[in-house]
Amino acid sequence: MAEKSKIILLSGLQPTGPLHLGNYLGAVRNFVRLQDEFAGRFFVFVADYHSLTENYDPKEKQNQILMLGAELLAAGLDPKKVTLYVQSDIPEVTELCWVFNTVTPISFLERMTQFKDKASRQKENINMGLFDYPVLQAADILLPKAAAVPVGEDQVQHVELTRDIARFFNRKFGETFPESKPVLTATPRVMSLSEPEKKMSKSIPGSFISLSDSPEEIKQALRRAVTDTGPGPGRSDLPRRSDLQAMSPGVANLFGLLREFGTPEDVGAMERAYRGGTIKYVELKDLLAARIAEYFSEFRKKRAQLLKNPSAVKKIFAAGGKKIRAIASKTMREVRQKVGLR
Ligand code: ADP
Ligand code: TRP
């Protein structure tokens, strides 16, 4: 137990828009669980430096930062158990990123799938920050020497790179950093509603449901969700398959969400209807919409309250910033000395 409590946990999210079901099921719900089950230090931060690598309006950024803070708190993050801070409040992280740049082979960064994806989506803005993004992420993780990183599946490659960077640094300058590991949930990759072969993502409109969406918005988003796509003109809306494994990706995704937000009876009834070939997808969608709306009703209330009182969120950020800064300056003293800067 004593050993366990020494492990440091850390995760970050970019302030680029409201949290969606993928963020919740892949990461945020896990934060809330881990903060109770886990006795060690736990850091969660708003990755605002990272978010500058995408196209954005500077006038919006402060609101996005506050909104993410409010949403994390509304989702159940407890600032007594988790240190919540804003990345740019610790400029040391960019200094550590620079040192890490000097031990990171370019070829490792060229392999990053998120970079390749984003570069293909913003061809007019393939900036150096986008390329260096995973090295800054390694600095986030290793500044407080975090060993466990709760994230969705799309971030696993970045956490593995963090481990490589820690190894390169330790080999060159002596044992300093832990080898961090990702911590995944049972739902590490929630799929897009509109293109269910891809992950649900803020950057793909129509792909997601936000936690802050109204019951009507949730219903409309689900009504538009893709279900069975084949096999052409003669197709029936009633699936004839008896096997749940054979579900199309869109239907499987909706069932996956129903398992998270519905009751066991909801799931049982819909699975029976699917197997029997009597399922009506509009009924599955409307049931799911009602369950999601219910699940997040408390979240919507708390979020609205916090957004009316942003000074409460700012205070929590300030207290978190103070804690992480003390740790950051200690790590940076050690790093500067090890690399020969002073
Ligand atoms: P997005 O990709 O929508 O911009 P972020 O990059 O801000 O989301 O991700 C924040 C956290 O949510 C990360 O831990 C990420 O792995 C997780 N996450 C994002 N999308 C999904 C998804 N579709 N399924 C599961 N987890 C996800
Ligand atoms: N790259 C992460 C994302 O897109 C956000 C992030 C930045 C992060 N730094 C981190 C996640 C450190 C975990 C640990 O979701």
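Predicted model: local features only at pLDDT ≥ 70, side-chain atom pairs only at ≥ 80, totals over all residues.

Q: Which element gives the most to the lining of the largest pocket?

A: The lining can be sorted by secondary structure. Helix α7 gives the most, with 6 residues. At least two lining residues come from each of β1 (9-13), α2 (21-37), α7 (113-121), α8 (128-142) and β4 (148-150).

Q: How do the residues of that lining divide by class?

A: The lining of the largest pocket divides into 20 polar, 17 nonpolar and 12 charged residues.

Q: What lines the second largest pocket?

A: The second largest pocket, with about 260 Å³ of space, has a lining that includes Leu 25, Ala 186, Thr 187, Arg 189 and Glu 260. Helix α11 (residues 249-261) provides the largest share of this lining, 6 residues. By class, the lining comprises 6 nonpolar, 3 polar and 3 charged residues.

Q: Which domains does the lining of the second largest pocket draw on?

A: Domain 1 (4-189 + 309-339) and domain 2 (215-298) each contribute at least three residues to it.

Q: Where is Thr 185 placed, and what does its side chain reach?

A: Thr 185 sits in the loop between β5 (181-183) and α10 (215-223). Its side chain reaches the backbone oxygen of Leu 25 at 2.9 Å and the backbone nitrogen of Thr 187 at 3.0 Å. Apart from neighbours within four places in sequence, Thr 185 is in contact with Leu 25, Gly 26 and Asn 30.

Q: Is Thr 185 buried or exposed?

A: Burial is judged from relative accessible area, with a cut-off of under 20%. Thr 185 has a relative accessible area of 16%, so this residue counts as buried.

Q: How many cavities of 30 Å³ or more are there, and which residues line the largest cavity?

A: The count is 1 cavity of 30 Å³ or more. The largest cavity has a volume of about 30 Å³ and is lined by Gln 114, Phe 115, Lys 118, Leu 130, Tyr 133, Pro 134 and His 158. The classes are 4 nonpolar, 2 polar and 1 charged.

How values were computed:
Residues numbered from 1 in each chain as written. Chains lettered and ligands numbered in written order. Heavy atoms only, no water. Helix = DSSP H or I, 4+ residues; strand = E, 2+ residues; numbered from the N terminus. Nonpolar A, V, L, I, M, F, W, Y, C, P; charged D, E, K, R; others polar. 1 Å grid on protein atoms, 1.4 Å probe; cavity = no way out; pocket = protein on both sides within 12 Å on 5 of 7 lines; lining within 4 Å. Points joined across faces, edges and corners; volume = space filled by probe spheres on them. Domains from an automatic or database assignment. Buried < 20%, exposed > 50% of the residue type's maximum accessible area, 1.4 Å probe, protein only. Polar contact = N/O pair within 3.5 Å; in protein donor to acceptor, adjacent residues only side chain to side chain. Contact = heavy atoms within 4.5 Å.
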